[in-house]
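Please consider the protein model shown below.

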Amino acid sequence: MDNATPHERNASDGPRAFHEPHASDEAIASGTASAAPRRISRKGLLKAAIVAGAAPLLAGGGVALARDAAPSDGGALLAPTPQCDDGDDTTPPQMEGPYFKPDSPRRTSLVTPGTPGVPLTVSGYVFGRACRPVSGALLDFWQADTNGSYDMAQYAFRGHQFTGADGAFSLTTIVPGLYPGRTRHIHVKAQAPGGRILTTQLYFPGEPRNNTDALFDPRLLMNVRSVGNGRQGTFDFVLDVAQTPGPSDPPTDPPGGTWAPGTSYRAGDRVTYGGVAYRCRQAHQSLTGWEPPNVPALWERG
């Protein structure tokens with residue numbers, strides 16, 4: 001492996017060949033290789049409860065997203081994912097596995113109108129340590145098809161993209177199929193311009209195999225919801241990238257003021273919480289623990 005990074009090539013080129021000498025997915029899953037011990041964090045415990053169906057949505061069952069904790073006052077630096085949202089460790093790296101291929105095509109959609117499978121979009125943001133967006137971050141995705149097979153001859157279900165000025169990304173694909181020893185997952189490499197490569201995997205809540213997959217890490221669960229005949233997933237990456245918080249004007253409260261418990265809200269009411277604006281999705285009486293970022297069924301950003 002040379003010392004160059006994918007960002008040292010033209011943005012229209014595919015990422016450089018990089019390979020990490022980890023055991024294969026199958027070796028870990030079958031028990032022939034050992035996975036590193038994982039410390040389950042507060043966020044991990046919450047996600048594990050979601051997987052088991054023990055955490056009701058309206059009691060904060062949603063997975064925390066880094067965007068909900070971005071500082072609005074230029075405050076102190078925050079540590080990498082997921083400390084950027086709720087005080088846990090860095091975004092956990094995971095093995096590359098045996099199915100990675102370098103030089104994937106640059107694209108945001110891995111499917112065509114006739115591609116079989118359950119439609120899936122995955123979107124989110126890439127942040128640095130100060131919870132500020134990372135523009136031009138490389139995200140290289142690869143996954144199995146609906147039958148659980150990886151294309152090693154061509155580049156089906158493989159593609160890389162770069163985040164926009166706001167750090168946002170969006171991937172159009174399908175829900176990956178299952179293969180022996182693994183739960184459903186999507187592989188990804190994330191890299192800030194000139195930064196180190198994070199190799200990890202994203203998981204789906206509510207999958208029975210999450211409980212038996214030796215590689216599964218609840219800290220890497222996406223928020224996933226059903227929309228029509230497909231699904232929408234969200235996940236925020238926060239890379240180990242130093243950032244200097246810039247000046248920020250105090251947020252202006254929209255009509256409705258600052259969110260407060262014990263308040264009757266109607267659909268369409270707008271509030272701020274933590275310097276972020278939210279719109280009420282359905283009428284309710286607010287309670288402690290039902291803060292807007294914790295209850296997407298009641299509040300949406302914007």
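## A buried threonine

Thr 173 is buried, with a relative accessible area of 2%; buried means under 20% relative accessible area, exposed means over 50%, and partly exposed lies in between (1.4 Å probe, protein chains only). The model is predicted, and therefore local features need pLDDT of at least 70 and side-chain atom pairs count only at pLDDT 80 or more, while totals for chains, interfaces and linings use all residues. Residues are numbered from 1 along each chain as its sequence is written, and side-chain values use heavy atoms, with hydrogens and water left out.

Thr 173 belongs to strand 4, which covers residues 168-174. Helices (H or I, at least four residues) and strands (E, at least two) are DSSP runs, numbered from the N terminus. The side chains of Thr 173 and Gln 143 are joined by a polar contact of 2.8 Å. A polar contact is a pair of N or O atoms within 3.5 Å; within protein, one must be able to donate a hydrogen and the other to accept it, and residues adjacent in sequence count only if both atoms are side-chain atoms. If neighbours within four places in sequence are set aside, Thr 173 is in contact (heavy atoms within 4.5 Å) with Leu 110, Val 111, Val 118, Pro 119, Leu 120, Gln 143 and Phe 157.

## Two residues with positive phi

Phe 157, one of the contacts of Thr 173, lies in the loop between strand 2 and strand 3 (158-162). Its phi is positive, about 55°, although Phe 157 is not a glycine. With 9% relative accessibility, Phe 157 counts as buried. Asp 103 also has a positive phi, near 60°, and is a residue other than glycine. Asp 103 is placed in the loop between helix 2 (42-52) and strand 1. Is Asp 103 buried or partly exposed? Asp 103 counts as partly exposed, at 40% relative accessibility.

## Nonpolar cores

In soluble globular proteins, nonpolar side chains tend to be buried together. A nonpolar core is a set of buried Ala, Val, Leu, Ile, Met, Phe, Trp, Tyr and Cys residues joined through side-chain atoms within 4.5 Å. The largest nonpolar core has 30 residues, of which Val 122, Val 126, Leu 139, Phe 141, Phe 169, Leu 202 and Phe 237 touch the most other members. At least two residues of this core come from each of strand 1 (119-127), strand 2 (138-142), strand 4, strand 5 (185-191) and strand 6 (197-203). Another core, of nine residues, lies apart from it; among its members are Trp 259, Val 276, Tyr 278 and Trp 299.

Leaving out neighbours within four places in sequence, Val 122 is in contact with Phe 169, Ser 170, Leu 171, Ile 186, Leu 202, Met 222 and Gly 233.

Four strands form an open sheet in the order 3-2-5-6, with antiparallel pairing; two strands pair if DSSP finds at least two bridges between them. Strand 3 and strand 6 are the edge strands, each pairing on one side only. On average, neighbouring strands of this sheet are turned by 20° against each other, direction ignored. For such angles, axes are lines fitted to C-alpha atoms, for helices over the stretch in contact, and angles run from 0 to 180 degrees between N-to-C directions. Strand 2 and strand 3 run antiparallel and are joined by five bridges. Leu 138 has Phe 162 in strand 3 as its bridge partner.

A further open sheet consists of three strands in the order 11-12-14, again with antiparallel pairing. Its edge strands are strand 11 (270-273) and strand 14 (299-301). Neighbouring strands here are turned by 40° against each other on average, direction ignored. Four bridges connect strand 11 to strand 12 (residues 276-280), and Arg 270 stands opposite Arg 279 in strand 12.

## Salt bridges

How many salt bridges does a search of the whole structure find? The search finds five, where a salt bridge is a side-chain nitrogen of Lys or Arg within 4 Å of a carboxyl oxygen of Asp or Glu. The table lists some of them.

| Pair | Closest N and O atoms |
|---|---|
| Lys 189 and Glu 96 | 2.9 Å apart |
| Asp 217 and Arg 219 | 2.6 Å apart |
| Arg 279 and Glu 300 | 2.1 Å apart |

Lys 189 in strand 5 and Glu 96 in the loop between helix 2 and strand 1 are 93 residues apart, so the pair links distant parts of the chain. Lys 189 counts as buried at 1% relative accessibility, and Glu 96 counts as buried at 1%. Asp 217 and Arg 219 are both buried. Arg 279, by contrast, is partly exposed at 30% relative accessible area, and Glu 300 is partly exposed at 28%.
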